[in-house]
Amino acid sequence: AHILLSSSNLIHPNAEPVDPKIYGGFLEHLGRCIYGGLVDDPKDPSPAGVLEDKKEAGVLGEGELAFRKDVMAVLGKEGELEIPLLRWPGGNFVSNYHWQDGVGPFADRPKRVELAWHGVESNLFGTDEFIRYCRETGCEPYICLNMGTGSYEEALAWLEYCNGTEDTTWANLRRKHTGVDEPHNVKYWGLGNEMFGPWQIGYLNPTAYSVKAKMWAHGLKLLDPTILLVSCGCTGATDWDREVLATLLPFVDMHSIHNYTMFGHNPDIAYESNVFSPAGSERQIEICKALIDLTNHDRSQQKVPARNVKIAFDEWNVWDEKKATSKNGLTQVYDYADALGFIAWLNVLVRQHKDLGLACLAQSVNVLSPLLTTADKVLRQTTFYPLQLFSKYMKGGQLLQLPSFPDRYIGPTSPVWIQQNELQPAYIDAVAMIIDDSSIRISILNRHPSADWKAKFSFADFEVSKLDIHELYSDNMGAANTFEKPDLVVPSVKSHDAAAWSKMAEEGIVVRKHSWILMMF
Ligand code: AHR
């Protein structure tokens, strides 16, 4: 192949640069995500040194659980993963979560039966703790509302508790609990989680959901017009999404969609499912965007201005439901093949960035996460490193046109969704961006199981002064990082100067079979 890149050949010349919010995270009260992941687990306490200094200094409230310093060093805007935003408290959990259980003196907080994942919720981590976590990590908070067992009144009260600035009951309760006047200023609010699914407490049909969510949206925006509301979609490509968008588009700012690849896959084609299924999610984004356009088109027929509603892909990941089960708190050990599937996902998010208002990896710690913890250790899984490189380097730029790669995979994958839509993903999955006219970044995933790929490169109008190439490669699809061998699957990096580059460009860059490279000029 020959790749000719021109710094003026932008795919979307008018689009905003790639927003870091596509690298958002998600924290659910599930398994060991919160207790044991984010904060100390009273059943398996972390030793001194792991927990925040406030604990050592005795500054925490009576019964308050300390944040884990080691996990904070990874999450957060300034952390290793540079996570800009955190969605909380669920997930399925939220549909029976009553926020008032999780505020005020720790000794008074009720323990509740947890209906989504069948546990007991101690409520020791609640709204004020979540906001403190966000403030200390620099993350933007994104709260999902309980539209299952929660009431409209309760949702309004939660918003007032968080954002109220007047002398009112709920705002004053927050002042009493936090000891300061400053509101929590939560900008992003989700109108329920997966309200279409029979697994969701209080699930609805699309008409009933739309009527209810419209009423909630109206009241929430009256209370605080500065918030951004997210309607609850399905995969983006369903009748549910069509109907919900048709009703809610005037009232919301984003539309949430979810998808997990490898869920229900056929083990005989595990590799293919892993690396090609994200193409199905890309199609879902495109269809969802088309549904938004269609709704706007209907509005234009009625002379009503279009609304720039973006997609919130607020749950995405690789999830093998045979490995990560409700019983083990959705703990999945990710292997090398999963990391390749994960990279295909990241390429999709970057490529589709202009239609995404945000995206959240589900989830951030222990639950389907690139991070696993014990009481005193943090393990970076195979999926950790690609996420780290993307969130650090693949943002803030404009997408560059790449040639199409003709060699395509034609064969079974799962979900069958891909086959139904006759998608034939190319073996080479690449995305390129230019940042401030000064730096070009190209992510190239070679999904071919047995053939290396070689490309010559030339730049029409870009001077190369240096090049770093990060590579992720293993010859063992099943290789996984473990607490004993934490560095089995990690990327390597090599630096080249301009002279070395001109030779390499001419001879061609090889992307090995089933491997990924990130080129940074
Ligand atoms: O992330 C795990 C679960 O997957 C979430 O709770 C739910 O929203 C989705 O089905």
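How many helices and strands does the secondary structure of the protein come to?

**Figure 1. Overview of the predicted model.** The secondary structure of the protein comes to 13 helices and 21 strands, where helices (H or I, at least four residues) and strands (E, at least two) are DSSP runs numbered from the N terminus. The radius of gyration is 23 Å, close to the 24 Å that the globule rule gives for 521 residues, so the protein is as compact as a globular protein of that length. This radius is taken over C-alpha atoms, and the globule rule is 2.2 Å times the number of residues to the power 0.38. Along its principal axes, the C-alpha trace spans about 70 × 65 × 45 Å. Buried residues make up 59% of the 521 residues; buried means under 20% relative accessible area, exposed over 50%, and partly exposed in between (1.4 Å probe, protein chains only). Residues are numbered from 1 along each chain as its sequence is written, and side-chain values use heavy atoms, with hydrogens and water left out. This is a predicted model, in which local features need pLDDT of at least 70 and side-chain atom pairs count only at pLDDT 80 or more, while totals for chains, interfaces and linings use all residues.

**Figure 2. The surroundings of the ligand.** The ligand is surrounded by Phe26, Glu28, Gly91, Asn92, Trp117, Asn193, Glu194, Tyr260, Glu315, Trp319, Leu330 and Gln363; a residue is near a molecule if one of its heavy atoms lies within 4 Å of it. By class, this shell has five nonpolar, four polar and three charged residues. Here Ala, Val, Leu, Ile, Met, Phe, Trp, Tyr, Cys and Pro count as nonpolar, Asp, Glu, Lys and Arg as charged, and the others, Gly among them, as polar.

Figure 3. A polar side-chain atom of Glu194 lies 2.7 Å from an oxygen atom of the ligand. In the side chain of Asn193, an N or O atom is 3.0 Å from a ligand oxygen. For Glu315, the distance from an N or O atom of the side chain to an oxygen atom of the ligand is 2.7 Å. The protein covers 95% of the 280 Å² of accessible area that the ligand has on its own, with areas from the Shrake-Rupley method and a 1.4 Å probe.

**Figure 4. Gly91 in its loop.** Gly91, one of the residues around the ligand, lies in the loop between strand 3 (85–88) and strand 4 (112–114). Its relative accessible area is 0%, so Gly91 is buried. The C-alpha atoms of Gly91 and Leu358 are separated by 16 Å, and these residues are 267 residues apart along the chain.

Figure 5. The structure holds 27 salt bridges, each a side-chain nitrogen of Lys or Arg within 4 Å of a carboxyl oxygen of Asp or Glu. In one of them, Asp53 pairs with Lys69, the closest N and O atoms being 3.0 Å apart. Asp53 belongs to helix 1 (residues 53–56) and Lys69 to helix 2 (residues 69–72), 16 residues apart. Asp53 has a relative accessible area of 49% and is partly exposed; Lys69, at 34%, also counts as partly exposed.

**Figure 6. Further salt bridges.** Arg175 and Asp181 meet through their side chains at 2.6 Å, N to O. Arg175 counts as buried at 18% relative accessibility, whereas Asp181 counts as exposed at 51%. The salt bridge of Asp355 and Lys354 is 3.4 Å, N to O. Asp355 is buried at 11%, and Lys354 is partly exposed at 29%. Elsewhere, salt bridges that share partners join Glu52, Lys54, Glu64, Arg132 and Glu136 into one network.

Terms used: Polar contact = N/O pair within 3.5 Å; in protein donor to acceptor, adjacent residues only side chain to side chain.
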